[in-house]
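Hi,

Here is the structure we talked about handing over. Please open it alongside this note.

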Amino acid sequence: MNTQDHNIKAVFFDIDGTLLSFKTGKVPSSTQNAIQKLREKGIKVIIATGRSINSLHHIDHLKFDGFITFNGAYCITTSNKLISRYTIDPSDIKSLINYAKNIPLSYSLMYEDKVEINDATPEVVGMYSHINIPVPPIHDKENIDVENVLQANIFLKPEAEATFMKEVMPKSISSRWTPLFADVNPGNISKQTGIENFCRHFNIDVSETMSFGDGGNDISMLKFTKIGIAMGNANDSLKEVADYITEDVDNHGIEKALIHFGVLN
């Protein structure tokens, strides 16, 4: 790939393990500077995360042009213009709830304005601690909004995931950035969907895009954008589909890759 022959007009960033270091819980200064320089050049800088729209406080000191949240299910501009919104089929949510009544399974349900969990096991508490987010409240089992769930998290071992999805939530898709749990989203919705919608909104061709990620839920994004970059700390499945593997988040990986491809100098 010719590293200097790209007219990049939009760059999409995952948050955890990409912008945000798991070691420090912060965005490295080199990454902060790189984001600022991109925007100064008129390049759109857009978040693409599995987090909810209300869990972005770790990066709210930085300026972006838009947010792909819930792995593509909810896309909004910085000026609060809703680009797209997709909910999980209510029958899949009902099936998940009924399944967990009979077989031990921790899960969370994520909405535009709240996140609820069905129990607070040590692994659930540990996961929220890992990404530095308060543990959500436990939902009222008799009063669950099944119509407006944008994403669910299921605390299930990777080897059990495919069977569970086929039997319990067949109208949804799962992806994973940690062995602890899988993200579940509406069928056919992914970070790629969000990128397509933002490209349409900003009148940008996909040939003018670049993305950075580190987890399984970034696969569709890296495969779709013109240049897909895996962080050095990325999992192997993502590195296999990446156009380029940069240094890890703590070793200025984003800045180095942007310089490597001539987007910054």
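The model is predicted, so please read everything here as computed from it.

**The eight-stranded sheet**

This sheet is open, and its strand order is β5-β4-β3-β2-β1-β11-β12-β13. The pairing is mixed. β5 (82–85) and β13 (244–245) sit at the edges, each pairing on one side only. Look at β11 (residues 209–213) and β12 (residues 227–230): they run parallel and share four bridges. Gly-213 has Ala-230 of β12 as its bridge partner.

α5 (residues 191–202) lies across β1, β2, β3, β4, β5 and β11. The angle between α5 and β3 is also about 155 degrees.

**Strand β8**

β8 covers residues 151–155. All five are buried, so the strand is largely enclosed by the rest of the structure. Gln-151, Asn-153 and Phe-155 are on one side, with Ala-152 and Ile-154 on the other. β8 has two antiparallel partners: β6 (residues 106–110), joined by five bridges, and β10 (residues 181–186), joined by three. Ile-154 is the bridge partner of Tyr-107, and Asp-183 in β10 is that of Asn-153.

**Helix α1**

α1 runs over residues 29–40. From first C-alpha to last, the helix reaches 17 Å, close to the expected 16 Å. Which of its residues are buried? They are Ser-30, Thr-31, Ala-34, Ile-35 and Leu-38. These cover an arc of only 135 degrees around the axis, so they lie on the same side of α1. Their packing partners are β1, β2 and α8. The face turned away carries Ser-29 and Glu-40, which are exposed. After the helix comes Gly-42, with a positive phi near 85 degrees.

**The cores**

The largest nonpolar core has 48 residues. Those touching the most other members are Phe-13, Leu-38, Phe-64, Met-210, Phe-212 and Leu-258. A second, separate core has 21 residues, including Ala-100, Phe-164, Ala-182 and Val-184.

Beyond its neighbours within four places in sequence, Met-210 contacts residues including Ile-8, Ala-10, Phe-12, Ile-227, Leu-258 and Val-263.

Best wishes

Definitions and conventions:
Residues numbered from 1 in each chain as written. Predicted model: local features only at pLDDT ≥ 70, side-chain atom pairs only at ≥ 80, totals over all residues. Heavy atoms only, no water. Core = buried A, V, L, I, M, F, W, Y, C linked by side-chain atoms within 4.5 Å. Buried < 20%, exposed > 50% of the residue type's maximum accessible area, 1.4 Å probe, protein only. Contact = heavy atoms within 4.5 Å. Pairing = 2+ DSSP bridges. Axes fitted to C-alpha atoms, helices over the stretch in contact; angles between N-to-C directions. Expected span 1.5 Å × (residues − 1). Arc of directions from axis to C-beta.
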